[in-house]
Amino acid sequence: MSRRKYPRLWAPVAVGIMGSALAAAVGVSRGWGAASGVEVAVLLVAAFVYLLGGSDSDAGAVLGNRPDERQVLVRLKSQALAMKVMYLGALIGWAVTIALKGLYWPFDLIFSAGGLAYLIGLRLYGTHDDRPIGPIGSTDALQDSPREPYNSMNG
Amino acid sequence: MRNQVREGRVHRGLSQAELAEALGVSRQTVISIESGRYLPSLPLALRIGRFFGMPVERIFDPEEEVSE
């Protein structure tokens, strides 16, 4: 369960901030009329996320930031699926952009950042034990330094 | 893996929502555990065992597979 304050607000606020950044980019490139349309759509999506976050369901628990252990797994699997689909979409976009001789460096950035994040994730979340393996049945490799054999007579 | 969570809950006259609240999980998770679709973590399994006053291995039987 989340220890954050106002857990249900986090997802809609994140949608609002990211969507507003997109709307600002649209405003700079295509004018503020188009940007206001994007902002309205962003606010509608944020409101939908807020409402869904209050529902008695797995999606509600995940979006409302109050998942239990199974729902954390559901969220992880959903994120993994979303990442695979995004990567596939980016791969198609990359190929099409290269074929059309367009500017493809944003795709380079996506694949480089994604690949690097994957490797960092393996390093961060994996278990690492570089110490040598001792003889079968021994626990030597698990000890940081050699110890005297235990003798109960010594107290 | 088959389990006795549903039987224990019914025996105590609890709803899935009440059991979920007692265990600190969602109602959907209790449903998933009862149907055998989700194997709880060791801490949650121990909480379930403590709640029903039974050893974990009596609640969760690794020998019996749930046929879906």
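This is a predicted model: local features need pLDDT of at least 70, side-chain atom pairs count only at pLDDT 80 or more; totals for chains, interfaces and linings use all residues.
Residues are numbered from 1 along each chain as its sequence is written, and chains are lettered from A and ligands numbered from 1 in the order in which they are written.

Y6(A) sits in the segment before α1 (7-30) of chain A, and its phi is positive, near 50°, in a residue other than glycine. For background, most residues other than glycine have a negative phi. K101(A) also has a positive phi, near 55°. K101(A) follows α4(A), in the loop between α4 and α5 (105-125) of chain A. With 7 C-beta neighbours inside 10 Å, K101(A) counts as exposed.

Read from the N terminus, the order is α-α-α-α-α. Buried residues account for 9% of the 155 residues in chain A. Of the contacts in chain A with a separation of 6 or more, 39% link residues 24 or more positions apart; a contact here is a pair of residues whose C-beta atoms, placed from the backbone, lie within 7 Å.

Helix α4 (residues 69-99) of chain A has 31 residues, which at 1.5 Å a residue should span 45 Å, and its end C-alpha atoms are 45 Å apart, so the two agree (the expected span is 1.5 Å times one less than the number of residues). Two of the 31 residues of α4(A) are buried, so the helix lies largely in the open. N65(A) counts as partly exposed because it has 17 C-beta neighbours inside 10 Å. The C-alpha atoms of N65(A) and R4(A) are separated by 8.3 Å, though the two residues are 61 apart along the chain. For A46(A) and Y118(A), 72 residues apart along the chain, the C-alpha separation is 29 Å.

A46(A) itself belongs to helix α2 (residues 32-52) of chain A and counts as buried because it has 21 C-beta neighbours inside 10 Å. Neighbours within four places in sequence aside, A46(A) is in contact with P12(A), V15(A) and G16(A).

Turning to the cores, the largest nonpolar one has nine residues: V5(B), L19(B), A20(B), V25(B), V30(B), I33(B), I48(B), I59(B) and F60(B). A nonpolar core is a set of buried Ala, Val, Leu, Ile, Met, Phe, Trp, Tyr and Cys residues joined through C-beta atoms within 7 Å. The elements giving two or more residues to this core are α2 (16-23) and α3 of chain B. Apart from this core lies another, of five residues, among them A46(A), A61(A), V62(A) and L63(A).

Back in chain B, A20(B) is in contact with V25(B), S26(B), R27(B), T29(B) and V30(B), leaving aside neighbours within four places in sequence. The helices α2(B) and α3(B) pack at an angle of about 105°, with axes 8 Å apart; axes are lines fitted to C-alpha atoms, for helices over the stretch in contact, and angles run from 0 to 180 degrees between N-to-C directions. That angle makes α2(B) roughly perpendicular to α3(B) (65 to 115 degrees; under 35 counts as roughly parallel, over 145 as roughly antiparallel, and the rest as oblique). On the α2(B) side the contact uses Q16(B), A17(B), L19(B) and A20(B), and on the α3(B) side R27(B), T29(B), V30(B) and I31(B).

The buried residues of α3(B) are Q28(B), T29(B), V30(B) and I33(B). Their cover includes α3 and α4 of chain A, together with β1 (2-3), α1 (5-11) and α2 of chain B. Just after α3(B), G36(B) takes a positive phi of about 80°.

Finally, the contact between the chains takes nine residues from chain B and eight residues from chain A. On the chain B side, the largest share, four residues, comes from helix α3 (residues 27-34).

Methods: Two residues are in contact if their C-beta atoms, placed from the backbone, lie within 7 Å. A residue is buried if 20 or more other C-beta atoms lie within 10 Å of its own, exposed if 12 or fewer, and partly exposed in between; C-beta atoms are placed from the backbone.
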